[in-house]
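Me: I would like to learn how to read the overall features of a protein model, one at a time. Could you take me through them?

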Amino acid sequence: MHALMIDGESHTIEPVEVACLADIAKLVGHDSIIADEIDREDVVYFDEDCFIRGTNGRFQVDKLPPIAGRGVAVGRAQGGKLSDVSLSLAELKDRTAFL
């Protein structure tokens, strides 16, 4: 499915393809991933321990707490299953601040 990877260190957002949570964990770089809601349709997955690890590069989507490292924005279907991200690349860029 279509997703968008946000890289806080390189200040980039790029389209990626993922099939499952394991793919997201590989992109984020850690197995301990959690999600935060961007809106009703989309979430951003990131390393649960990103601040404990001292990961470089931070970003913030809308008013969510800042995230260090990489995050993956993906859609959320009924039952918590993953689906294509509904945000376009341009929309996510507009809603993301690199800190």
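This is a predicted model: local features need pLDDT of at least 70, side-chain atom pairs count only at pLDDT 80 or more; totals for chains, interfaces and linings use all residues.

Me: How many helices and strands does the protein chain have, and what pattern do they follow along the sequence?

Reply: The protein chain has 2 helices and 9 strands, and, read along the sequence, these elements come in the pattern β-β-α-β-β-β-β-β-β-α-β. Of the contacts between residues at least 6 apart in sequence, 55% join residues at least 24 apart.

Me: What radius of gyration would a compact globule of 99 residues have, and what does the protein chain have?

Reply: The rule for a compact globule of 99 residues gives a value near 13 Å, and the protein chain has 12 Å, which agrees. Along its principal axes, the C-alpha trace spans about 35 × 30 × 20 Å.

Me: How many side chains are positive and how many negative, and how far apart are the centres of the two sets?

Reply: There are 10 positive and 18 negative side chains, and the centres of the two sets lie 2 Å apart.

Me: How many disulfides are there, and is Cysteine 20 buried or partly exposed?

Reply: With a disulfide taken as a pair of cysteine sulfur atoms within 2.5 Å, the count comes to 0. Cysteine 20 is partly exposed, at a relative accessible area of 33%, whereas Cysteine 50 is buried, at 2%.

Terms used
Residues are numbered from 1 along each chain as its sequence is written. Side-chain values use heavy atoms; hydrogens and water are left out. Helices (H or I, at least four residues) and strands (E, at least two) are DSSP runs, numbered from the N terminus. The radius of gyration is taken over C-alpha atoms; the globule rule is 2.2 Å times the number of residues to the power 0.38. Contact means heavy atoms within 4.5 Å. Lys and Arg count as positive and Asp and Glu as negative; His and the chain ends are not counted. The place of a charge is taken as NZ of Lys, CZ of Arg, CG of Asp or CD of Glu. Buried means under 20% relative accessible area, exposed over 50%, partly exposed in between (1.4 Å probe, protein chains only).
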